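Please read it alongside the sequence and the model.

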Amino acid sequence: MINYFHSELFCLLRNKALYIISGICLFLVTAAAFVLYYSQKSVPQFPYGYTGFYYSNVLSSGIGIILIGFMFGLFLTGRKMDIAGQAISFGIPRKTVFWSKFILSLAGFVLLCSISILLLLVLGENLLNHQDYTVKMLLIAFINMLPIILAGFTMGFVLNILRVKETYNLLTLIIIFGLSGQLVQMLFHYIPGLKQLYRYFPSGLLDENLTDYINQTVSFNSPAWMIGILLTVGCLVIGQQIFTKKDL
């Protein structure tokens, strides 16, 4: 298992797309801060040169972060699954293949997110007008986002490793994590007992988290953690079971 894990790590680190996507993400975080910084210097009474606005743009990008995680999942799946089929034919257990790819893909994604958050805070606190509440509120909001982002990453990874077409994968993620709350809200808006159901769907939880941050009322959201963990565990269990029986 250790040898196979090392071989997957080697493949991941040699993937040029890993560094290109990571570089683009960090560039966008940096560029947004400097655009706001120079705008507040050059435009009189510029209303958006505050840390709160800068941070809220990241909190509103939940589906975008999930799609970046989807691309990280592709680094060791997709076309790489032909190599995985060869490894399995040489006696590598399918569970080893599944979990090695998942752990390494997730580790790379988490590392990029951690660096991005650190860069976000450094730039925001040093370049933009400071608001006392934003750092504490931001960290709470990120904690609330974490299980939903993890669930989105896991679902994307499982769909990738099961070799579902990328177009269908993206559509599934966009509907569940970008539109599900709005769709449920439209369907049940006029049913008193169900009109608040949208708040417990992934996109509804992300939207509520952003709204609470903007209103400075954000607090730990236990439903987000329960739903995120259920989705993550469910995807992993079902995905592993299907993968162990699927022809590669």
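A residue counts as buried when its relative accessible area is under 20%, as exposed when that value is over 50%, and as partly exposed in between. At 14% relative accessible area, C235 is therefore buried. The model described here is predicted. Its largest pocket has a volume of about 810 Å³, and the structure holds 0 disulfides.

**Largest pocket**

- The largest pocket, of about 810 Å³, is lined by 31 residues, and V58, I65, I68, C113 and S116 are the closest to its centre.
- Two or more lining residues come from each of α2 (16–42), α3 (51–59), α4 (62–74), α6 (94–127) and α7 (134–161).
- Helix α6 gives the most to this lining, with 9 residues.
- The lining of the largest pocket comprises 26 nonpolar and 5 polar residues, with no charged residues.

**Second largest pocket**

- The volume of the second largest pocket is about 230 Å³.
- Of its 14 lining residues, L18, S22, F72, G108 and L111 are the closest to the centre.
- The elements that contribute two or more residues to the lining of the second largest pocket are α1 (2–13), α2 and α6.
- Helix α6 gives the most here, with 6 residues.
- By class, this lining has 12 nonpolar residues, 2 polar residues and no charged ones.

**Cysteines**

- A disulfide is a covalent bond between the sulfur atoms of two cysteines.
- The structure holds 0 disulfides.
- C25 counts as buried because its relative accessibility is 14%, under the 20% cut-off.
- C235 is likewise in no disulfide, and the nearest cysteine sulfur, that of C113, is 18 Å away.

**Helix α10**

- Helix α10 spans residues 222–243 and has 22 residues.
- From its first C-alpha to its last, α10 reaches 31 Å, close to the 32 Å expected at 1.5 Å a residue.
- The buried residues in α10 are P223, A224, I227, G228, T232, C235, L236, G239, Q240 and F243.
- C235, listed among these buried residues, has a relative accessible area of 14%.

Key. Residues numbered from 1 in each chain as written. Predicted model: local features only at pLDDT ≥ 70, side-chain atom pairs only at ≥ 80, totals over all residues. Heavy atoms only, no water. 1 Å grid on protein atoms, 1.4 Å probe; cavity = no way out; pocket = protein on both sides within 12 Å on 5 of 7 lines; lining within 4 Å. Points joined across faces, edges and corners; volume = space filled by probe spheres on them. Helix = DSSP H or I, 4+ residues; strand = E, 2+ residues; numbered from the N terminus. Nonpolar A, V, L, I, M, F, W, Y, C, P; charged D, E, K, R; others polar. Disulfide = S-S within 2.5 Å. Buried < 20%, exposed > 50% of the residue type's maximum accessible area, 1.4 Å probe, protein only. Expected span 1.5 Å × (residues − 1).
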